[in-house]
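Here is a short note to read alongside the structure. Please follow the points in order.

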Amino acid sequence: MKVNFVDLKAQYLTIKPEVDAAMAEVIGNTAFINSRSFEADFAKYIGTEHCVGVGNGTDALFMAMQCMGFGPGDELITAANTFIATAEGIGWTGAKPVFVDCDPVTYTMDPSKIEAAITPNTKAIVPVHLYGQAADMDPIMEIAAKHGLKVIEDCAQSHGGTYKGRMTGTIGDAGCFSFYPGKNLGAYGDAGAVVTNDEELATNIRKLGDHGSNVKYRHDFQGTNSRLDGIQGAVLSVKLKHLDKWSDRRIAVAAMYNEGLKDVCVTPQTAADVRHVWHLYVIQVNNREEVMKHLTEQDIACGIHYPVAVPVTPAYEDLGYNADQFPVACGTQDKILSLPMHGDLTDEDVQLVIDEVKKVAK
Ligand SMILES: *Cc1c(COP(=O)(O)O)cnc(C)c1O
């Protein structure tokens with residue numbers, strides 16, 4: 001039996017009539033550019049006043065930071081273990097990403113490491129709700145308030161995840177989402193969004209993504225082209241209605257994995273008062289290559305998120321970081337292993353993965 005890492009085909013088959021009708025409607029109306037209706041649906045779901053659709057999650061990060069006025073000479077603090085896009089968003093404004101290590105239990109940004117990274121040039125903190133689990137936002141917001149810093153939440157992996165009852169994306173000044181197909185809420189192509197309660201920020205992000213314009217052919221500044229397509233918005237609005245159900249299934253799958261694997265490897269922990277939506281289910285094993293080889297032979301897909309911590313990837317070589325500065329992120333890099341995780345896994349799939357991991361994991 002094959003177990004996919006993510007199964008977009010299986011998911012599509014459960015919602016095919018709805019998705020097909022929604023896409024046909026967009027085509028019928030030739031409403032290809034922009035999707036105000038999805039923006040309204042998503043703002044309502046998240047609970048912010050504004051949602052601005054953009055081309056992808058990397059643009060969401062870059063555009064939010066650019067419109068907050070960050071640029072050359074500024075430093076923005078983010079987590080060492082994330083997908084590179086978080087740092088790219090910072091870098092494309094001209095600002096410098098400054099990395100801090102993660103917490104060994106939750107893998108999210110370690111708030112106790114932030115203050116040591118603050119300099120007179122620091123302008124913002126960019127926590128990442130990694131793997132679907134909210135970063136520890138209370139201390140992060142406290143540090144930000146104390147030092148007059150903005151907070152931009154990277155929510156690319158945490159759609160519908162909460163921290164102390166609050167949706168991720170509503171706690172800082174802006175929340176940046178990716179709707180890349182494999183995310184918890186995924187489009188049928190690239191898409192992203194910024195959510196915020198700051199009306200001026202929302203207006204500026206919208207203008208930035210539409211050639212510096214909100215009145216046709218009046219360009220107030222040099223912008224770019226980064227909008228959320230009508231077809232993607234239609235797909236996302238359909239899927240949004242199912243998101244909580246899919247998240248609940250992910251949570252149930254994680255509970256089965258946790259119970260089944262607790263004696264053979266380090267299983268992931270959920271912080272108190274967090275709705276962890278399990279974008280990824282990441283264990284630690286000492287013999288990872290062996291486990292991966294065995295799972296692959298059994299037709300069970302697995303992955304590594306991420307094989308090299310961002311500060312020590314070649315892209316950021318010029319910043320001069322070394323692995324010793326990130327003992328947690330770099331120290332777990334050779335042990336972490338992501339198991340299949342999506343809303344259409346059956347109990348049988350999950351049991352099979354548990355049984356096969358148990359045969360080899362050390
Ligand atoms: C996927 C991802 C992004 C970027 O999203 P894209 O839509 O692929 O540009 C940013 N941050 C994190 C943590 C991600 O996982």
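**Notes on helix packing and the sheet**

1. Helix α3 (residues 57-67) packs against α6 at an angle of about 120°. Their axes are 9 Å apart. The crossing of α3 past α6 is right-handed. Keep in mind that this is a predicted model.

2. Which residues make this contact? From α3 come Met63, Ala64, Gln66 and Cys67. From α6 come Leu201, Asn204, Ile205 and Leu208. Sorted by class, the contact of α3 with α6 has six nonpolar residues, two polar ones and no charged ones.

3. Now the sheet. Strands of a sheet pair through backbone hydrogen bonds, either parallel or antiparallel. Here, seven strands form an open sheet with mixed pairing. Their order is β1-β9-β8-β5-β4-β2-β3. The edges are β1 (50-54) and β3 (96-100). Each has a single partner strand, so one side of each is left without a neighbour in the sheet. On average, neighbouring strands are turned by 25° against each other, direction ignored.

4. Look at one pair in detail. Strand β2 (residues 75-79) runs parallel to β3, and five bridges join them. Thr78 has Phe99 in β3 as its bridge partner.

5. Two helices meet the sheet at β1, β8 and β9. Helix α2 (residues 36-46) lies across these strands, at about 130° to β1. Helix α6 (residues 199-208) packs on the sheet too, and its direction makes about 15° with that of β1.

Conventions: Residues numbered from 1 in each chain as written. Predicted model: local features only at pLDDT ≥ 70, side-chain atom pairs only at ≥ 80, totals over all residues. Heavy atoms only, no water. Pairing = 2+ DSSP bridges. Helix = DSSP H or I, 4+ residues; strand = E, 2+ residues; numbered from the N terminus. Axes fitted to C-alpha atoms, helices over the stretch in contact; angles between N-to-C directions. Contact = heavy atoms within 4.5 Å. Left-handed = near helix turned anticlockwise from the far one by under 90°. Nonpolar A, V, L, I, M, F, W, Y, C, P; charged D, E, K, R; others polar.
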